[in-house]
Amino acid sequence: MITLYDILIEKIKSYDTIVIHRHIQPDLDALGSQLGLRDLILNNFEDKTVYVVGDMSDFDFLGEMDEISDDVFENALAIVVDVAGKERVSDQRFLHAKETIVIDHHRNDTDFADHFIHEPNKIAAAQIITDMAIDLGFYVDSNTATYLFAGIVTDSGRFIYPQTNAATFEAAAFLLRKGARMHEIYENLYEEEYVFKKLKGYFIKHFKRTENNVAYMKNSNSLKDEFKVTSFTVSRGMVNQMANIRGIPIWANFTETDNGQIQCELRSKKESIVEVAKKYGGGGHALACGCNVTSWDETDSILSDLDRIAERINKNG
Ligand SMILES: [Mn+2]
């Protein structure tokens with residue numbers, strides 16, 4: 001039987017030039033699987049030219065991208081990792097490649113690839129590539145192992161997300177045996193900006209609770225100037241400073257922005273609160289949603305709506 005791995009190997013063998021892409025605003029799984037696959041190909045196949053392309057993010061400590069001209073794509077194989085939908089692929093020139101292969105673990109289909117290695121049971125694209133390297137007996141050096149480890153550790157939320165299982169740890173253990181520099185990755189992940197740390201402290205010190213234990217913060221527009229951060233950092237970046245507190249089922253972060261609106265980030269442990277977000281013209285997921293309002297009075301009515309839900313939760317235990 002010919003597997004998708006066989007096809008991938010066959011295609012890598014038949015192209016001299018390979019360009020590896022991943023999604024825009026890359027996280028460490030996107031970058032880790034991209035850079036890891038590059039080194040796997042360079043270390044296990046002879047005479048290949050492999051490029052990595054795309055925009056960069058805060059995670060640039062992992063490695064650099066290549067600048068290449070348009071004509072490189074003409075006779076190239078494009079491999080896209082950690083994303084299957086055309087729109088979100090970084091550097092759209094993959095559309096000019098001769099052939100395309102997608103390697104992804106997200107639960108959606110591809111709208112462009114010639115071949116699709118789709119393993120949604122795996123927690124990271126980097127795990128798909130690691131398992132493939134194990135199956136095929138590839139040579140894995142310590143750089144490759146470090147890249148792939150970074151993808152697995154972050155897409156699993158440091159081995160916390162529900163999909164984390166024995167196979168996740170087996171892949172990680174394999175990479176550590178191959179010399180993955182785990183502590184180097186952790187140092188980069190856990191270090192944060194001075195102002196960010198100070199802002200966290202401010203939040204933890206000043207957040208309040210409603211009668212039925214909805215935690216909340218109201219942030220005026222001047223707060224972001226005081227800490228020299230963006231209002232996005234105050235709003236989205238800080239909301240979960242009120243998460244994971246025993247007895248607090250719901251938490252909300254209200255942040256005034258430059259245009260005078262108030263961004264409302266609403267979060268809940270178990271009970272859906274998206275109806276509240278919708279009531280005020282917003283939306284999102286059941287447990288993580290938001291809306292924009294124009295007055296502090298409206299944030300008070302949001303709080304009393306959330307407080308009613310919290311009261312029900314507290315009663316039902
Ligand atoms: Mn991923």
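This is a predicted model: local features need pLDDT of at least 70, side-chain atom pairs count only at pLDDT 80 or more; totals for chains, interfaces and linings use all residues.
Residues are numbered from 1 along each chain as its sequence is written, and side-chain values use heavy atoms, with hydrogens and water left out.

The protein is divided into domain 1, residues 4-190, and domain 2, residues 196-316, the bounds coming from an automatic or database domain assignment. The centres of domain 1 and domain 2, taken over C-alpha atoms, are separated by 36 Å.

Helices (H or I, at least four residues) and strands (E, at least two) are DSSP runs numbered from the N terminus, and two strands are taken to pair if DSSP finds at least two bridges between them. An open sheet is formed by five strands with parallel pairing, in the order β2-β1-β3-β4-β5. Its edge strands are β2 (49-52) and β5 (115-118), each of which pairs on one side only, and the twist from one strand to the next averages 15°; axes are lines fitted to C-alpha atoms, for helices over the stretch in contact, and angles run from 0 to 180 degrees between N-to-C directions. Within this sheet, strand β1 (residues 17-21) and strand β3 (residues 77-81) run parallel and are joined by four bridges, with Val 19 standing opposite Ala 78 in β3. Helix α3 (residues 125-135) packs on the sheet, where it touches β3, β4 (99-104) and β5 and makes an angle of about 105° with the direction of β4; contact here means heavy atoms within 4.5 Å.

Another open sheet comprises six strands in the order β6-β7-β8-β9-β11-β10, with mixed pairing. Strands β6 (208-209) and β10 (283-284) stand at the edges with a single partner strand each, so one side of each has no neighbour in the sheet. Strand β7 (residues 214-219) runs parallel to strand β8 (residues 250-256), to which six bridges join it, and Ile 250 in β8 is the bridge partner of Val 214. Helix α7 (residues 194-206) lies across β6, β7 and β8, running at about 125° to β7.

Strand β9 (residues 262-268) includes Ser 268, which counts as buried at 5% relative accessibility; buried means under 20% relative accessible area, exposed over 50%, and partly exposed in between, with a 1.4 Å probe and protein chains only. The side chain of Ser 268 reaches the backbone oxygen of Glu 271 at 2.6 Å. Apart from neighbours within four places in sequence, Ser 268 is in contact with Pro 249, Ile 250, Trp 251, Ile 273 and Leu 287.

With a disulfide taken as a pair of cysteine sulfur atoms within 2.5 Å, the count of disulfides comes to zero. Cys 289 is in no disulfide, the nearest cysteine sulfur being that of Cys 291 at 7.7 Å, and Cys 289 is buried, with a relative accessible area of 4%. Cys 291 is likewise in no disulfide, the nearest cysteine sulfur being that of Cys 264 at 4.0 Å, and Cys 291 is buried at 7% relative accessible area.

Most residues other than glycine have a negative phi. Phe 159, in the loop between α4 (142-155) and α5 (166-177), has a positive phi near 65°. Lys 228, in the loop between α8 (222-227) and α9 (231-235), has a positive phi of about 55° and counts as exposed at 70% relative accessibility.

Terms used: A polar contact is a pair of N or O atoms within 3.5 Å; within protein, one must be able to donate a hydrogen and the other to accept it, and residues adjacent in sequence count only if both atoms are side-chain atoms.
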